Amino acid sequence: MTLKVYADRMSQPSRAVLIFCRLNGIEFEEIKVELSKRQQLSPEFKALNPLKKVPAIVDGRFKLFESHAILIYLASAFPGVPDHWYPADLSRRAKINSVLSWHHLNLRRGAATFVLNTVLAPFLGLPLNKQAAAEAEEILSSSLSTLENVWLKANGRFLLGGFQPSIADLSLVCEIMQLETSHNKIEIVMLSLFWRKHGTCDCGENDDVEFFCTSG
């Protein structure tokens, strides 16, 4: 039975899951859940994910939501996915998990709030909040410093000194590249240039990566 991915490409976590499937040749059916139409609030989707957020997947009788959990499942459950995405070595997995945990409370928190309150809010029927955007920009600045001084400090091109990307690289690069939608903030564009400079967007020769990461 084909994997079903419920997603909206306006959502960074959705794009990360879609890209992962494409890069690794995982056959899937993309089912669009349009956030601008509040389709995530429908009774049908709430039955799939009571948190009413995308992405979510259905693999046979198995249902799962939360993008990081989905990426871990896909890397572990589907044969043929290269080990570098989520290594079998437990110590390397633990390091990747540490980045994923940091991501939600720092980079994700700043980026999602900033983009919402500078670009996306009107499309969702919400008002822009300048104060929230300013606070989010401070979190982004702090997160960039942490990326450079902690997660990208080792010799490899990728997070944690890796020479090949992990699911953490994919999740974070999609987060940063979406900041290019905020054209009125030169500092935010520089975040994406910084990420590309470190090569962490090099997930293989696949045009879907750039398309999915920047589409909204």
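User: Why is the pairing of E30 with R9 called a salt bridge?

Analyst: A salt bridge needs a side-chain nitrogen of Lys or Arg within 4 Å of a carboxyl oxygen of Asp or Glu. In this predicted model, the closest N and O atoms of E30 and R9 are 2.9 Å apart. That meets the cut-off, so the term applies.

User: What makes this pair a link between distant parts of the chain?

Analyst: E30 lies in strand 2 (residues 28-32). R9 sits in the loop between strand 1 (3-7) and helix 1 (12-23). The two are 21 residues apart. Helices (H or I, at least four residues) and strands (E, at least two) are DSSP runs, numbered from the N terminus.

User: Why is E30 called partly exposed?

Analyst: Buried means under 20% relative accessible area, exposed means over 50%, and partly exposed is in between (1.4 Å probe, protein chains only). E30 has 21%, so E30 counts as partly exposed. R9, at 23%, is partly exposed too.

User: How do you know that E34 and K37 form a salt bridge?

Analyst: Their N to O distance is 3.7 Å. The limit is 4 Å, so the pair qualifies. K37 is exposed at 55%, whereas E34 is partly exposed at 29%.

User: What makes E175 buried, and which residue is its salt-bridge partner?

Analyst: E175 has a relative accessible area of 0%. That is under 20%, so E175 is buried. The partner is R108, with the closest N and O atoms 2.9 Å apart. E175 belongs to helix 7 (residues 167-177) and R108 to helix 5 (residues 107-120), 67 residues apart.

User: How do you know that the buried residues of helix 3 are on the same side?

Analyst: The buried residues of helix 3 (residues 67-77) are S67, H68, I70, L71, L74 and A75. They cover an arc of only 160 degrees around the axis, so they share one side of helix 3. The arc is taken from the directions from the helix axis to the C-beta atoms. These residues pack against several elements, including strand 1, helix 1 and helix 7.

User: Where does pLDDT stay under 50?

Analyst: pLDDT is the predictor's confidence in each residue, from 0 to 100. The value stays under 50 over residues 184-190. It is also below 50 over residues 200-208. The chain averages 86, and 83% of the residues score at least 70.

User: What conventions apply?

Analyst: Residues are numbered from 1 along each chain as its sequence is written, and side-chain values use heavy atoms, leaving out hydrogens and water. Local features need pLDDT of at least 70, side-chain atom pairs count only at pLDDT 80 or more, and totals for chains, interfaces and linings use all residues.

Key:
Contact = heavy atoms within 4.5 Å.
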